[in-house]
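Dear colleague,

Please find below the structure that I am handing over to you. My findings follow it, so that you may read them with the structure in view.

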Amino acid sequence: MVNETIMMGHGSGGSMMEHLIDEVFKAEYAKDELKTSDDAAALDLVSIAKTRGISGNFKVSYSTDSFVVTPQFFPGGDIGRLAVCGTVNDVSTAGAIPVAISVAFILEEGFPIDDLKKICHSIKDAADEACVEVVTGDTKVVNKGKCDGIYINTSGIGIIPEGVELTARNIEPNMSVIVSGSLGDHGITIMSQRENLNFTNNLKTDAAPLNHLVADVLKAAPHTVCFRDPTRGGLASTLNEFAQMSGVSIEIDETKVPVKPEVAGACEMLGFDVYQVANEGKFVIVVPESEAEAALAACKLNEYGRDAAIIGKTFEATNSEAGARVLVKTALGSKRILDMLVGDLLPRIC
């Protein structure tokens with residue numbers, strides 16, 4: 001390819017676009033389905049399910065998301081890895097085995113093609129790690145100044161085995177709440193890169209595909225009620241959504257919530273509540289108390305769950321006027337209400 005940057009012709013549907021697709025997208029992550037160049041992927045989900053060890057009836061989990069993070073490259077990842085991991089994790093929260101994703105690009109005229117290749121390589125690596133295949137996609141180019149370099153939309157399909165039903169509506173009192181790792185890593189990483197704040201050289205995004213972790217937990221704790229990735233709005237929004245959906249209150253112990261010292265320090269400096277900071281490689285898990293230790297042990301055996309912790313419990317919402325709520329027990333023994341995020345704490349973190 002002679003061009004060093006994206007040109008309007010790369011979105012024209014002509015030979016320039018064909019070369020871009022062949023030399024960048026297909027060369028990096030295309031497998032059998034994408035190589036057909038059809039306008040839509042034809043997936044034999046029955047056969048795919050059998051290859052994944054699923055027989056009988058099943059449901060399909062489907063999710064879509066768009067990614068506009070800035071900067072596009074950051075410690076531990078980039079917008080490509082973030083896009084794949086985000087969609088894989090959204091599909092997985094339903095207990096599904098993700099099998100296929102689509103990837104659509106909106107590219108700004110002048111965007112470096114070398115950067116696009118790096119992003120596509122990250123897409124390949126993340127998809128391979130998650131054992132999913134990119135089966136279809138799209139490319140659009142807009143005039144310079146009409147897009148901030150690159151935006152990505154991904155959609156994912158997963159297979160939900162018969163009998164698996166994960167939903168926060170099934171949360172009951174006396175269940176345990178687990179987080180799969182330290183909070184706030186992604187949000188503070190993005191903020192530090194965007195504003196040139198040198199909190200630490202070790203801080204990096206936690207973006208990771210968590211479908212294998214979900215499978216590990218479900219195997220160890222088959223009565224797990226739900227999973228949720230605390231992305232925008234962080235843990236606070238996730239727990240409040242749980243309380244609203246179930247009508248059950250939740251209390252967490254801040255001394256048990258894993259937070260890296262550099263993240264805690266950055267939040268204190270910036271005036272952020274770490275519970276409201278976004279994560280891209282963590283799950284909140286609700287399980288019966290009888291299976292909590294088994295779920296925790298399964299997390300800790302997975303590379304993305306080594307810092308997992310049981311952080312709280314659910315209890316009956318006794319105040320009918322206030323409804324279900326989320327409380328934090330502080331290190332001093334007092335309690336405070338943990339509210340859902342209002343507004344946008346960190347814009348464009350995913």
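Two strands are said to pair if DSSP finds at least two bridges between them. Please bear in mind that the model is predicted.

I begin with the sheet. Four strands form an open sheet in the order β1-β6-β4-β5, and their pairing is mixed. The edges are taken by β1 (58-67) and β5 (133-142); each has a single partner strand, so one side of each is left without a neighbour in the sheet. On average, neighbouring strands of this sheet are turned by 15° against each other, direction ignored.

Within the sheet, strand β4 (residues 97-108) pairs with strand β6 (residues 150-161) in the antiparallel sense, over 10 bridges. As a general point, strands of a sheet pair through backbone hydrogen bonds, either parallel or antiparallel. L107 has I150 in β6 as its bridge partner.

A helix accompanies these strands: α5 lies across β4, β5 and β6, and runs at about 170° to β4.

I turn next to the nonpolar cores. The largest has 74 residues, of which F105, L116, L239, I252 and Y275 touch the most other members. Helix α5 (residues 113-130) supplies the largest share of this core, with eight residues. What is L116 in contact with, leaving aside its neighbours within four places in sequence? Its contacts are I6, L20, V24, F25, F105, L107, F111 and I150. Another core, of 17 residues, lies apart from the largest one and includes F227, I285, V287 and L296.

Yours sincerely

Note on methods
Residues are numbered from 1 along each chain as its sequence is written. This is a predicted model: local features need pLDDT of at least 70, side-chain atom pairs count only at pLDDT 80 or more; totals for chains, interfaces and linings use all residues. Side-chain values use heavy atoms; hydrogens and water are left out. A nonpolar core is a set of buried Ala, Val, Leu, Ile, Met, Phe, Trp, Tyr and Cys residues joined through side-chain atoms within 4.5 Å. Buried means under 20% relative accessible area, exposed over 50%, partly exposed in between (1.4 Å probe, protein chains only). Helices (H or I, at least four residues) and strands (E, at least two) are DSSP runs, numbered from the N terminus. Contact means heavy atoms within 4.5 Å. Axes are lines fitted to C-alpha atoms, for helices over the stretch in contact, and angles run from 0 to 180 degrees between N-to-C directions.
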